[in-house]
Amino acid sequence: MLFKKLSLKPAILDFVIITVGALIAAAAIFFFMLPSHVAVGSASALAMVLANYIPLPVSALNLLINVILLIIGFILIGPEFGVKTVYTAIMVPVFMGVFEFIFPNFKSLTEDPLLDVICYILVVGIAMAILFSRNASSGGLDIVAKIMNKYLKMDLGQAVSVSGIAVALTSALCYDTKTVVLSVIGTYFGGMVLDYFIFGFGLKRRVCIISSKHDEFVNYILNELHSGATIYESYGAYDNALRKEIVTIVDKGEYRRLMDFIKKNDPKAFITVYSVNEMQYQPKAKR
């Protein structure tokens, strides 16, 4: 019984956090995207466009679209969409429906479509980052992108962009040119902001250092930054001299401290820096 309780806690925590993410996403759609009429590429945006022709609330159309896409996804590419994604795809429209009930005649908070789009992109970016951190997504166009990836052999990121732009262009069916342009631009920048929220906060730096003071730098990395390092032997092409190259991966704060230490102790050190979006490793047991 104790084992079951312990194993159940992470799952409950996951769904609590996913619910919060779904609530934030629904709030972004209801309070910012719908009042602006800017169809930033998503299933919700498609539902907003269809609501001009089908006498149903946007939340109901969004739920219908998500359910249809989930069914098509299960048929065409199998059960790749886990319980978390199914749950999110249902909860976002449900929360939208709650907002529609509470605020039946809601107007724009900013009364400016451009500000609405900016706020929507930022808020929904936070929501998507929360969902992705728990290995969930909002379904919708993610399913379309995976179908395109499988059958059209299209890169997944490219498929997401293409499907998002296609939805944004549907705004031309019922809105003016300014709204269509904002929809396309919003979809493009929305993808960039989402990438930043997902990868930017956890971004690390891979720092490669060649210096005569390598022992000093390794000691600083291990004992002051409490990070790890790998040492390679390398030969210079110009003089064929043997040198040691230190490679370490640090976060933003550690990177700044390391660079300051290097500049202070060996300004002539040769340094290259790369961005690292993700890494997997087995932490060493503490002694």
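In what order do the four strands of the open sheet lie? In this predicted model, the order is 2-3-1-4, and the strands pair in the antiparallel sense. Strand 2 (230-235) and strand 4 (270-276) are the edge strands; each has a single partner, so one side of each has no neighbour in the sheet. From one strand to the next, the twist averages 25°.

The pairing of strand 1 (residues 204-210) with strand 4 is antiparallel and runs over seven bridges. Within these two strands, Arg206 is placed opposite Tyr274 of strand 4. Two helices pack on the sheet. Helix 9 (residues 214-223) touches strand 1, strand 2 and strand 3 (242-250), and its direction makes about 15° with that of strand 3. Helix 10 (residues 252-265) touches strand 1, strand 3 and strand 4, and its direction makes about 20° with that of strand 1.

The buried residues of helix 2 are Ala43, Ser44, Ala45, Ala47, Met48 and Val49.

Helix 4 (residues 83-102) contains Thr88. The relative accessible area of Thr88 is 0%; because the cut-off for a buried residue is under 20%, Thr88 counts as buried. When neighbours within four places in sequence are left aside, the residues in contact with Thr88 are Ile18, Ala22, Pro93, Leu131, Ala136, Ser137 and Ser138. Thr88 and Ile102 are separated by 14 residues in sequence, and their C-alpha atoms are 21 Å apart in space.

A nonpolar patch was found on the surface. The patch is formed by Leu64, Val67, Ile68, Ile71, Ile72, Ile75, Leu76, Tyr151 and Leu152, and together these residues have about 820 Å² of accessible area. Helix 3 (residues 58-77) gives the most to the nonpolar patch, with seven residues. An α-helix has 3.6 residues a turn, so residues three or four places apart point the same way. One of the patch residues is Ile75, which lies in helix 3. Ile75 has a relative accessible area of 65%; because a residue counts as exposed when this value is over 50%, Ile75 is exposed. Thr88 in helix 4, by contrast, is buried.

Notes:
Residues numbered from 1 in each chain as written. Predicted model: local features only at pLDDT ≥ 70, side-chain atom pairs only at ≥ 80, totals over all residues. Heavy atoms only, no water. Patch = residues over 30% accessible without salt bridge, like charges linked within 9 Å, V, L, I, M, F, W, Y side chains within 5 Å. Areas by Shrake-Rupley, 256 points an atom, 1.4 Å probe, with all protein chains shown as cover. Salt bridge = Lys/Arg side-chain N within 4 Å of Asp/Glu carboxyl O. Buried < 20%, exposed > 50% of the residue type's maximum accessible area, 1.4 Å probe, protein only. Pairing = 2+ DSSP bridges. Axes fitted to C-alpha atoms, helices over the stretch in contact; angles between N-to-C directions. Contact = heavy atoms within 4.5 Å.
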